[in-house]
Amino acid sequence: MTEHDHEPIPGLPGLLPKDERILWQGAPDWRVLARTAYHTRIVTGYFVLLAGWSLGEALARGVDAIGDLSGVGLTAGFGAVAVGLLNLLAWGAARTTLYTLTNRRIVFRVGIAFSKCINLPLRRIASVGLAVQADGSGDLPLALESERKLGFLALWPHARPWRVATPEPMLRAVPDARHVAALVARACLSVHPQGTVAQPALVTVAEPAFGQAVAA
């Protein structure tokens with residue numbers, strides 16, 4: 001049995017209405033998710049510095065036996081375990097996540113221990129952001145036009161970082177992010193009545209930061 005076997009359509013809680021169709025489905029790349037959401041590189045660097053500090057102190061005291069390097073070994077071991085657990089969490093999150101774009105909404109199917117679906121109607125999406133990594137993957141934060149707010153912790157790691165007061169759902173570590181962002185922006189534009197809300201915005205940047213520009 002896989003994580004989608006109980007769903008009538010993978011990633012969706014039920015069958016789609018007759019006038020709704022799937023435009024795209026995708027999931028995070030777990031390696032990119034590990035780096036950008038679980039910060040495995042930062043954690044690795046932290047333990048490397050600790051191990052280097054421990055090694056320097058050991059050399060300053062004098063190394064006469066292998067036991068004198070026990071601190072270095074323990075630090076390296078704890079670091080390996082920590083990074084391994086973070087990678088495992090990223091792999092689990094990616095495996096149990098499926099993003100679905102239809103002509104009416106975006107659905108986040110997320111949750112490692114407890115699966116849940118988050119429905120975001122396209123008419124409630126005010127802007128689409130894009131941050132692209134060097135490998136072409138990227139993050140797509142969605143600014144919502146709604147008085148009803150989503151909980152940051154309920155969304156994480158599928159939330160834009162540091163937007164705790166006004167959480168923004170985010171398609172995270174998506175491969176071929178430029179293509180996906182264009183699909184999302186066009187789908188949003190197709191359902192927004194002209195002159196009632198701001199047009200969704202699409203931005204393409206080289207660094208993992210966010211901005212706005214008019215979508216084509």
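User: First thing, is Tyr38 buried or exposed?
Analyst: Tyr38 is buried, at a relative accessible area of 11%. Buried means under 20% relative accessible area, exposed over 50%, and partly exposed in between, with a 1.4 Å probe and protein chains only.

User: Before I go on, what sort of model is this?
Analyst: This is a predicted model, where local features need pLDDT of at least 70, side-chain atom pairs count only at pLDDT 80 or more, and totals for chains, interfaces and linings use all residues. Residues are numbered from 1 along each chain as its sequence is written, and side-chain values use heavy atoms, with hydrogens and water left out.

User: How many aromatic pairs are there in the whole structure?
Analyst: A search of the whole structure gives three aromatic pairs. One of them joins Tyr38 and Trp156, whose ring centres are 5.4 Å apart and whose planes are at 70 degrees, so the pair is edge-to-face. For the cut-offs, rings of Phe, Tyr and Trp (its six-membered ring) pair if their centres lie within 6.5 Å; planes under 30 degrees apart count as stacked, over 60 as edge-to-face and the rest as tilted.

User: Where do Tyr38 and Trp156 sit in the chain?
Analyst: Tyr38 is in the loop between α1 (30-36) and α2 (40-61), and Trp156 is in the loop between α4 (152-155) and β8, so the pair links parts of the chain 118 residues apart. Helices (H or I, at least four residues) and strands (E, at least two) are DSSP runs, numbered from the N terminus. Trp156 counts as partly exposed, at 36% relative accessibility.

User: Switching to helices, how do α2 and α3 cross?
Analyst: The axes of α2 and α3 (residues 70-95) come within 8 Å and cross at roughly 175 degrees. That makes α2 roughly antiparallel to α3. Angles under 35 degrees count as roughly parallel, over 145 as roughly antiparallel, 65 to 115 as roughly perpendicular and the rest as oblique. Axes are lines fitted to C-alpha atoms, for helices over the stretch in contact, and angles run from 0 to 180 degrees between N-to-C directions.

User: Which residues make the contact?
Analyst: Among them are Val43, Phe47 and Leu50 of α2, and Val72, Phe78 and Leu86 of α3. Contact means heavy atoms within 4.5 Å.

User: Now the strands. What is the order in the open sheet?
Analyst: Four strands form it in the order β1-β2-β3-β4, with antiparallel pairing. Two strands pair if DSSP finds at least two bridges between them. The edge strands, each pairing on one side only, are β1 (22-26) and β4 (116-121). From one strand to the next, the twist averages 15 degrees.

User: What lies across β1, β2 and β3?
Analyst: Helix α5 (residues 177-191) does, running at about 40 degrees to β2 (98-102).

User: And Arg109, which strand is it in?
Analyst: Arg109 belongs to strand β3 (residues 105-110). Arg109 counts as buried, at 2% relative accessibility. The Arg109 side chain reaches the backbone oxygen of Thr96 at 2.8 Å.

User: Last one, how covered is β7?
Analyst: Strand β7 (residues 138-144) is mostly covered, with six of its seven residues buried. Antiparallel partners of β7 include β5 (residues 125-128), over three bridges, and β8 (residues 170-174), also over three bridges. Strand β6 (residues 131-132) is joined to β7 by two bridges, again antiparallel.

How values were computed
A polar contact is a pair of N or O atoms within 3.5 Å; within protein, one must be able to donate a hydrogen and the other to accept it, and residues adjacent in sequence count only if both atoms are side-chain atoms.
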